[in-house]
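Biologist: Could you pick out one part of this model and take me through it closely? I'd like to see how its neighbours pack against it, with the cut-offs spelled out.

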Amino acid sequence: MIIGRNAILTITTLAVLGSAALAGGHLSGDQEKAMKVRNGHMQLYSFNLGILGAMAQDKAPYDAAAAATAATNLAAVASISQDGYWVEGTDTSVEGSRAKPEIWTDFAGFEQDNADLGTATVALAAVAGDGLDALKGAFGPVGKACGACHEDYRAPRE
């Protein structure tokens, strides 16, 4: 069977257009890296918050050394610049992302929530090893800062 020149051009054009359309649904290397790094950052938050939260909610025995370490880790993670994590095109339109588009339309508000978290984690780190009551008192503002950011800038799990 012989395929005519117009048929070849049509097939080639459709293949190129189809590839371009598919490429639009995929992340660039920079976008992929940014999502992986920010997910890792959030996992570090979660891990340390889990230790502290369990103690603050009386679900685990209070351990001054573990509390101090987790709170110090939390403050350290909160101090890491996230400037490279929030690459446009990595919002909820991408599978696996819970980042709301509001991050990019209200970046100043997003940065303020991050700053509030940093302030709260530093305060927690200063007292977490000083007893359960001190931990509980300083843990509330950390939870509030996390919750504020999640409410405004993170989509719920589906």
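**A close look at helix α6**

Modeller: Happy to! α5 passes α6 in a left-handed crossing, meaning that the near helix is turned anticlockwise from the far one by less than a right angle (clockwise would be right-handed). Please keep in mind that this is a predicted model, with local features needing pLDDT of at least 70 and side-chain atom pairs counting only at pLDDT 80 or more, while totals for chains, interfaces and linings use all residues. Residues are numbered from 1 along each chain as its sequence is written, and side-chain values use heavy atoms, leaving out hydrogens and water.

As background, the protein chain has 6 helices and 0 strands, where helices (H or I, at least four residues) and strands (E, at least two) are DSSP runs numbered from the N terminus.

Now for the first partner. Helix α5 (residues 107–127) and helix α6 (residues 132–153) have axes that come within 9 Å and cross at roughly 165 degrees. That makes the two helices roughly antiparallel. Here the axes are lines fitted to C-alpha atoms, for helices over the stretch in contact, and angles run from 0 to 180 degrees between N-to-C directions. The angle classes are roughly parallel under 35 degrees, roughly antiparallel over 145, roughly perpendicular from 65 to 115, and oblique for the rest.

Contact means heavy atoms within 4.5 Å. On the α5 side the contacts include F110, L117, A120, L124 and V127, and on the α6 side they include L135, F139, V142, C146 and C149. By class, this contact has 17 nonpolar, 2 polar and 3 charged residues. In that scheme Ala, Val, Leu, Ile, Met, Phe, Trp, Tyr, Cys and Pro count as nonpolar, Asp, Glu, Lys and Arg as charged, and the others, Gly among them, as polar.

C146 counts as buried at 17% relative accessibility, and C149 counts as buried at 13%. The sulfur of C146 has its closest cysteine sulfur in C149, 8.2 Å away, which is too far for a bond. A disulfide here is a pair of cysteine sulfur atoms within 2.5 Å, and by this rule the count comes to 0.

Next comes α2, which packs on α6 at an angle of about 125 degrees, with the axes 9 Å apart. These two helices are therefore oblique to each other, and α2 passes α6 in a left-handed crossing. L49, L52, G53, M55 and A56 of α2 meet L132, L135, K136, F139, V142 and C146 of α6. That contact has 9 nonpolar, 1 polar and 1 charged residues.

The axes of α2 and helix α3 (residues 64–79) come within 9 Å and cross at roughly 150 degrees, so α2 and α3 are roughly antiparallel. Among the α2 residues in this contact are L49, L52 and M55, and among those of α3 are A70, L74 and V77. This contact has 13 nonpolar, 3 polar and no charged residues.

Technical notes. Buried < 20%, exposed > 50% of the residue type's maximum accessible area, 1.4 Å probe, protein only.
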